[in-house]
Amino acid sequence: MATVSQRPSGGAPHQGTARRVYGMFAALAALALALFASVMFGSLTTSFGDVVEVLRGTADPQLTTVVESRYPRTALGVLAGLCLAVAGTLMQGISRNHLAEPGLLGINAGASATIVTATAFWGASGSTAAMWWALPGALAAGFAVQAIGAGRSGRSQVRLVLAGAVLSAVLMAYIQAVTLTKPQVFDSYRYWVVGALGGRDFDVFQSMLPFAGAGLVLALLLGRGLNALALGDSTAAALGANPALVRAGGLAAATVLSAAATAAVGPIAFVGLAVPHVVRALVGIDFRWQIAFSAVVGPTLLLTADIIGRVVMRPQELMVGVVTAFVGAPALLIAVRRMRGNT
């Protein structure tokens with residue numbers, strides 16, 4: 001009887017791991033479909049067979065040009081979606097607040113403010129320059145929110161979100177003041193601020209790749225520490241984790257990831273908020289799995305939103321930043337309802 005009673009407790013972790021592995025295969029399959037659809041759909045109609053011919057190298061030059069022109073935005077969508085989703089997961093982990101994401105904590109606004117400043121007063125232009133200007137602004141905003149949110153009695157989740165909201169409002173007011181007084185800055189900023197994957201080439205992807213890679217590696221290394229931090233600072237310290245170091249590392253990784261995505265494609269909202277909720281409903285509270293799944297689900301969501309924007313107003317396009325709210329809101333509501341049902 002003792003042997004029989006021990007089987008459920010011994011088999012449960014294995015079953016949970018197997019379910020997550022199968023879920024990862026399903027998520028990767030969904031991402032593969034989104035990748036294929038991203039190079040198939042656009043302002044010009046192409047079929048499944050057309051894309052296969054291009055991939056085989058047997059298509060005519062005109063068709064090849066049309067399909068290959070969609071490669072940069074597809075690659076950029078994968079990288080930006082990964083950055084935003086993983087950054088959101090990290091922010092929710094270090095703040096222990098399911099409403100936290102880079103946009104709410106001022107990181108996107110900080111990156112936007114420095115890009116606008118560099119464009120308006122120093123004539124900065126180009127994706128590479130934007131990447132380097134976005135990083136200090138995002139870092140400064142992130143650390144400012146952390147410092148304001150700490151207070152005398154320790155870091156408060158509510159105070160952290162309120163500090164991010166206040167800082168974002170101040171920075172957005174500054175951005176509006178600069179762009180309204182400098183028409184040349186406004187012309188470039190109004191397109192960038194909505195968030196779009198189109199109109200970029202592989203140079204943007206290449207300039208973004210080192211930041212995304214560094215941020216993702218750091219995020220993966222922090223998975224165990226975030227699990228300990230979720231139990232509280234004292235428990236995390238008893239388990240051998242350094243809460244201050246984990247928070248600093250998580251903030252640094254989230255800042256680098258969100259700054260890279262913001263500089264490359266604009267401040268796309270909602271991906272960093274919605275994806276962690278969906279992933280948490282799928283894989284549970286283990287941040288090692290959450291980060292891995294976010295790196296797959298985030299690109300799938302962003303590419304899906306971009307595809308919808310391309311076909312819903314064909315031959316014109318609806319920018320992906322507009323579509324993410326409509327795609328992400330139902331996913332977030334489903335996740336929240338599922339979480340309520342499990343409580």
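Ala80 is found in helix H4. At 0% relative accessibility, this residue counts as buried, because the cut-off for buried is under 20%. The model is a predicted one.

- Ala80 and Gly266 stand 186 residues apart in sequence.
- In space, their C-alpha atoms are 9.7 Å apart.

**The second largest pocket**
- The volume of the second largest pocket is about 280 Å³.
- Its lining is made up of 13 residues, and the closest to the centre are Asn227, Ala230, Ile285, Phe287 and Gln290.
- By class, four lining residues are nonpolar, six are polar and three are charged.

**Helix H14**
- H14 has 25 residues, which should span 36 Å at 1.5 Å a residue.
- The end C-alpha atoms of H14 are 35 Å apart, in agreement with that expectation.
- A bend of about 30° occurs at Ser294.
- Of the 25 residues in H14, 19 are buried, so the rest of the structure largely encloses this helix.
- At the start of H14, Asp286 places a side-chain oxygen within 3.0 Å of the backbone nitrogen of Arg288.

**Helix H9**
- H9 runs over residues 202-221, and its 20 residues should span 28 Å at 1.5 Å a residue.
- The end C-alpha atoms of H9 are 28 Å apart, which agrees.
- H9 has a kink of about 35° at Leu209, shortly before the proline Pro210.
- Asp201 caps the N-terminal end of H9, with a side-chain oxygen 3.1 Å from the backbone nitrogen of Asp203.
- The buried residues of H9 are Val204, Phe205, Ser207, Met208, Phe211, Ala212, Gly215 and Ala219.
- In an α-helix, residues three or four places apart point the same way, because there are 3.6 residues a turn.

**The loop between H1 and H2**
- Thr45 lies in the loop between H1 and H2.
- Thr45 is exposed, because its relative accessible area of 65% is over the 50% cut-off.
- Thr46 is buried, because its relative accessible area of 9% is under the 20% cut-off.
- A polar atom of the Thr46 side chain lies 2.2 Å from the backbone oxygen of Met40.
- Thr45 and Val66 are 21 residues apart in sequence, and their C-alpha atoms are 9.6 Å apart in space.

**Backbone exceptions in loops**
- Most residues other than glycine have a negative phi, and most peptide bonds are trans.
- Phe270 has a phi near 85°, a positive value in a residue other than glycine.
- The loop that holds Phe270 lies between helix H12 (243-265) and helix H13 (271-283).
- Phe270 counts as buried, because its relative accessibility of 17% is under the 20% cut-off.
- The peptide bond between Arg314 and Pro315 is cis, with omega about 10°.
- Pro315 has its place in the loop between H14 and helix H15 (320-342).

Conventions:
Residues are numbered from 1 along each chain as its sequence is written. This is a predicted model: local features need pLDDT of at least 70, side-chain atom pairs count only at pLDDT 80 or more; totals for chains, interfaces and linings use all residues. Side-chain values use heavy atoms; hydrogens and water are left out. On a 1 Å grid over the protein atoms alone, a cavity is a set of points where a 1.4 Å probe fits but cannot get out, and a pocket is an open set with protein on both sides within 12 Å along at least five of seven lines; lining residues have an atom within 4 Å of a point. Grid points are joined across faces, edges and corners, and a volume is the space filled by probe spheres set on the points. Ala, Val, Leu, Ile, Met, Phe, Trp, Tyr, Cys and Pro count as nonpolar, Asp, Glu, Lys and Arg as charged, and the others, Gly among them, as polar. Helices (H or I, at least four residues) and strands (E, at least two) are DSSP runs, numbered from the N terminus. The expected span of a helix is 1.5 Å times one less than its number of residues. The bend at a residue is the angle between axes fitted to the seven residues ending there and the seven starting there. Buried means under 20% relative accessible area, exposed over 50%, partly exposed in between (1.4 Å probe, protein chains only). A polar contact is a pair of N or O atoms within 3.5 Å; within protein, one must be able to donate a hydrogen and the other to accept it, and residues adjacent in sequence count only if both atoms are side-chain atoms.
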